[in-house]
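Please examine the sequence and the structure shown below. The briefing that follows treats charged side chains and the packing of helices.

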Amino acid sequence: MTAVTSTQSTGNGHLPPQVPSIPLSPDLPTPAAEQSIGTLVRDATAHLSTLIRSEVELAKSEVVSEVRKGLKGSVYFVVALTIGLFSLFFFFLMAGEVLDIWLWRWLAFAIVFAVMLLAAAVFALLGYRRMRSIRKPERTIQSLQDAVHLTRRDDGADRHED
C-alpha cells in the first residue's frame, strides 16, 4: 500500500500526516492453490452477481434509450392523428351537404348525426368488451407464489427455541 499526502499546508507550516491509499480490492490476490473452496465459491458468486447486475444495467440503459427514441418519433404520429381527427369534422359537414342535394337540409344532417352516434356506440361496445376481457396475470402470480414458497424454510431448522 502506498501513502497519499497532500501538498496543502495546514496553516502552521506543517504538512498533514500521510494517509494510506485505498486499494481497488480489499484483499491482495492469493494464488488459487492457497485459496479454500469456500473462498473460491464466494468469489465466484460475487463476480457472477456483479456480472448479472452490470448486464441488467446495460439492458436497462439500452431499453431506456430506445424508448426515448420511440417517444420522440411518436410525437409525429400524435400530430398526424390530431389533424386527422379535426379533419373528420369537415368530412361529416361535407357528407351533410352532399345529402342536402337529395334530402331536406335538416334530414341530411340528422342522418349524418345518427351515423356518427352509431359509430361511437359500436366503438364504445368494442372498448367495453376489450376491457372486460382483461385478466390478472395468473402465471406471474403463481410463479411469484412458488418462488416465495421455495425461499421459505418451513422445516423449522433455522428457528431456535430458548
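Glu 66 counts as partly exposed because its relative accessibility is 46%, where partly exposed lies between buried (under 20% relative accessible area) and exposed (over 50%), with a 1.4 Å probe and protein chains only. The model is predicted: local features need pLDDT of at least 70 and side-chain atom pairs count only at pLDDT 80 or more, while totals for chains, interfaces and linings use all residues. Residues are numbered from 1 along each chain as its sequence is written, and side-chain values use heavy atoms, with hydrogens and water left out.

**The pair within helix H1**

- The side chain of Glu 66 forms a salt bridge with that of Lys 69, at 3.2 Å from N to O; the term denotes a side-chain nitrogen of Lys or Arg within 4 Å of a carboxyl oxygen of Asp or Glu.
- Side chains of opposite charge can pair when their charged atoms come close.
- Both Lys 69 and Glu 66 belong to helix H1 (residues 37–99), and they stand 3 residues apart, about one turn of the helix; helices (H or I, at least four residues) and strands (E, at least two) are DSSP runs, numbered from the N terminus.
- Lys 69 counts as exposed because its relative accessibility is 54%.

- In the whole structure, a search finds 4 salt bridges.
- Arg 105 forms a salt bridge with Glu 97 at 2.8 Å, N to O, and another with Asp 100 at 3.3 Å, N to O.

**The packing of H1 and H2**

- H1 packs with helix H2 (residues 105–132) at an angle of about 140°, and their axes are 8 Å apart; axes are lines fitted to C-alpha atoms, for helices over the stretch in contact, and angles run from 0 to 180 degrees between N-to-C directions.
- H1 and H2 are therefore oblique to each other, since angles under 35 degrees count as roughly parallel, over 145 as roughly antiparallel, 65 to 115 as roughly perpendicular and the rest as oblique.
- Residues of H1, including Phe 92, Leu 93 and Glu 97, meet residues of H2, including Arg 105, Phe 109 and Met 116; contact means heavy atoms within 4.5 Å.
- The residues of this contact comprise 9 nonpolar, 1 polar and 2 charged.

Notes
Nonpolar A, V, L, I, M, F, W, Y, C, P; charged D, E, K, R; others polar.
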